[in-house]
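User: Hello! I am new to this structure and would like to learn how to read it. Could you take me through some of its features?

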Amino acid sequence: MTLASAFALFVFIVIAFAVASSGAIFKPDEWYRDLEKPSWTPPNWAFPLVWSVLYVMIAVSGWIVWGAAGLTAAFIPYGLQYLFNGLWSYIFFRRRRPDIAFFDLVALWLSIAATIAAFAPISATAAWLLVPYLCWVTIAGCLNRSVWRRNPNSFVAS
């Protein structure tokens, strides 16, 4: 690995964890703790652990594609998935809108799928690194929808 390549990997990791900071800024509070959640809700400690691993995988995936193809159109859905990812915590925890957050997760899921499709012709490894992310967001979407449906009066529609 060259110095330039190592620096690029560092930049991809910094970007990933900058997006991740949304989850640290807008985190569960008393409102969330009081919501009715399904029995299959993962324990609270699982979320930061799983997300940390996923963010590293997202960064490495982007770095692989950048190394193979440079800044390509494949980074459009990659950037969009970061946008929707970063918005979710704000919408769900700060705005307390599980309804809108669910639709953000749908957009996130679609942008991850589009990123996988865009990365696959460049690097199968980069595409496969995003599959666990897509799976986790699928679970998050099911959980978000369940919370939304179980707590119809927990937010004020605007």
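This is a predicted model: local features need pLDDT of at least 70, side-chain atom pairs count only at pLDDT 80 or more; totals for chains, interfaces and linings use all residues.

User: How do I read aromatic pairs, and how many pairs does the count come to?

Analyst: A pair of aromatic rings is described by the distance of the centres and the angle of the planes. Rings of Phe, Tyr and Trp (its six-membered ring) pair if their centres lie within 6.5 Å; planes under 30 degrees apart are stacked, over 60 edge-to-face, and the rest tilted. By this rule there are 21 aromatic pairs. One of them joins Phe 17 and Tyr 55, a tilted pair because the ring centres are 6.0 Å apart and the planes stand at 50°. Phe 17 belongs to helix H1 (residues 3-25) and Tyr 55 to helix H3 (residues 46-69), so this pair ties together parts 38 residues apart in sequence. Tyr 55 counts as buried, because its relative accessibility is 6%. Trp 88 and Phe 93 give an edge-to-face pair, with 5.4 Å centre to centre and 90° between the planes. Both Trp 88 and Phe 93 are buried.

User: Which residues do ring pairs link into a cluster?

Analyst: That cluster consists of Phe 12, Phe 75, Tyr 78, Tyr 82 and Phe 119.

User: Now the helices: at what angle do H1 and H3 pack?

Analyst: Two packed helices are described by the angle between their axes and the distance between the axes. Helices (H or I, at least four residues) are DSSP runs, numbered from the N terminus. Axes are lines fitted to C-alpha atoms, for helices over the stretch in contact, and angles run from 0 to 180 degrees between N-to-C directions. Here H1 and H3 pack at about 140°, their axes 9 Å apart. H1 is therefore oblique to H3, given that under 35 degrees is roughly parallel, over 145 roughly antiparallel, 65 to 115 roughly perpendicular and the rest oblique. By class, the contact of H1 with H3 has 14 nonpolar, three polar and no charged residues. In these classes, Ala, Val, Leu, Ile, Met, Phe, Trp, Tyr, Cys and Pro are nonpolar, Asp, Glu, Lys and Arg charged, and the others, Gly among them, polar.

User: And at roughly what angle do the axes of H4 and H5 cross?

Analyst: Helix H4 (residues 75-94) and helix H5 (residues 98-119) have axes that cross at roughly 160° and come within 8 Å. H4 and H5 are therefore roughly antiparallel to each other. Their contact has 19 nonpolar, four polar and one charged residues.

User: Where is Arg 96 placed?

Analyst: Arg 96 sits in the loop between H4 and H5. Although Arg 96 is not a glycine, it has a positive phi of about 55°. Arg 96 counts as partly exposed, because its relative accessibility is 35%.

Key: Residues are numbered from 1 along each chain as its sequence is written. Side-chain values use heavy atoms; hydrogens and water are left out. Helices (H or I, at least four residues) and strands (E, at least two) are DSSP runs, numbered from the N terminus. Buried means under 20% relative accessible area, exposed over 50%, partly exposed in between (1.4 Å probe, protein chains only).
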